[in-house]
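Please keep the sequence and the model in view while reading.

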Amino acid sequence: MGDTPYGRQALGLRPIINVSGTMTALGASIIVPEAIAAMSAIAPEFVEIEELHHKAGAAIARATGAEAGFVTASAAAGIVIAVAAAMTGENLHAVQRLPLDTNGLRTEIVIQRGHDVNYGNAISQAARMAGATPVLCGADHEVTNGQVADAITDRTAAGLFVVSHSAAQSGRLGLREFTALVHARNLPVIVDAASEYDLTGFLAAGADLVIYSGHKFLGGPTSGIVAGRADLVAACRLQNNGLGRAMKVGKESIAGLIAALDAWQVRDHAGIRGKERVALELWRACLASVPGIKAEIVPDPTGNPLERLEIRVTAEGGTSARELAQALAARPRPIMVRGHQVDRGLFWLDPCNLHPGEAEEVAQALRDLTA
Ligand SMILES: *Cc1c(COP(=O)(O)O)cnc(C)c1O
């Protein structure tokens, strides 16, 4: 790691210990060796890209149980492309007119207000990038079936449902309820499941297109997956002749993603969880008797098979969650925590992206800073 002429160290970049999860700002995830090998192998070759896309579609279908699949540049790109596909169908002329000329197309995308998450940009902007108008229903934590039903009109192109730790987890319709209302009007449901481990459940629950990130839990290269109904996936593919061209995915990412999907199927998930558990227990033990700190192992809020150490800091210890997180990040080897709620007095340590020895280094930092 880092000792080739253009490695991290040679480029003059600081070495980071990532206990924040799969964050774009830190380089997403550790790319699995199978994907790295696949990317290297295809890099100097010429291939017929349509054929390569075909192979990837088959790999996605195998992994998800979908009729078809398509590789995009990222999940964010996949959302824009899926929305565009819901608007245009397989009409090439319409594909070439987006985003501004939507004459004659259904243009509205129904989203529950608490699902308008921001993963770098707001998902409502992703809809607008395709030329659609997001229609947000209800309030953040209070949406009724009636509000969603009323929002679906003859201008609606699709319903968009988000599964995310930053989406409202209560007071909103679940996927089956939402899908029933959208399907009652013969319209498709697009699910943003970018960070979800479950590759089959959302399609099984009735979603028409599901979007995953290739570079999060899968450990693939920067890429996205759109899986679902064959006609809608064909309409996604067609966007490469329109706005999808600006979000092109190259041969190396497509090949790398196929390898990552295959590697995921045979990964030792139980063994990895066991190692993660050891790290979590170690960190918890370091903080167990520190005044003003409560450390607890908590499950992932969206049900991924993943646990984190939740660290709550109260005033009695003489420090704050923000100060402790900043002190970890200020170490010679910065330790980056999952800190989006430090102002509420808590942060998390996520063990899913550790290299050997890093769990112990984090433990030592916790001991040093709370001694
Ligand atoms: C990470 C994330 C995205 C964006 O994924 P990329 O592949 O990085 O573009 C979109 N939606 C949700 C819910 C996410 O968690």
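## Basis of the description

Helices (H or I, at least four residues) and strands (E, at least two) are taken here as DSSP runs, numbered from the N terminus. The model is a predicted one, in which local features need pLDDT of at least 70 and side-chain atom pairs count only at pLDDT 80 or more, while totals for chains, interfaces and linings use all residues. Residues are numbered from 1 along each chain as its sequence is written, and side-chain values use heavy atoms, with hydrogens and water left out.

## The sheet

Seven strands form an open sheet with mixed pairing, in the order E2-E8-E7-E6-E5-E3-E4; two strands are said to pair if DSSP finds at least two bridges between them. Strand E2 (68–72) and strand E4 (133–137) are the edge strands, each pairing on one side only. On average, and with direction ignored, neighbouring strands of this sheet are turned by 25 degrees against each other, where axes are lines fitted to C-alpha atoms (for helices over the stretch in contact) and angles run from 0 to 180 degrees between N-to-C directions.

Within the sheet, strand E5 (residues 156–162) and E6 are paired in the parallel sense over four bridges, and glycine 159 has valine 189 in E6 as its bridge partner.

## Helices on the sheet

Helix H7 (residues 175–183) packs on the sheet, where it touches strand E3 (108–112), E5 and E6 (contact means heavy atoms within 4.5 Å); the direction of H7 makes about 150 degrees with that of E6. Helix H2 (residues 49–64), in turn, lies across E2 and E8 and runs at about 120 degrees to E2.

## Aromatic side chains

Rings of Phe, Tyr and Trp (its six-membered ring) pair if their centres lie within 6.5 Å, and planes under 30 degrees apart count as stacked, over 60 as edge-to-face and the rest as tilted. By this rule the count comes to four aromatic pairs. One of them is the stacked pair of tyrosine 197 and phenylalanine 217, at 5.0 Å centre to centre with 20 degrees between the planes. This pair links distant parts of the chain, 20 residues apart: tyrosine 197 is in the loop between strand E6 (189–192) and helix H8 (201–204), and phenylalanine 217 in the loop between strand E7 (209–213) and strand E8 (224–228).

Phenylalanine 217 also forms an edge-to-face pair with tryptophan 264, at 5.1 Å centre to centre and 65 degrees between the planes. Tryptophan 264 belongs to helix H10 (residues 251–266), 47 residues apart from phenylalanine 217.
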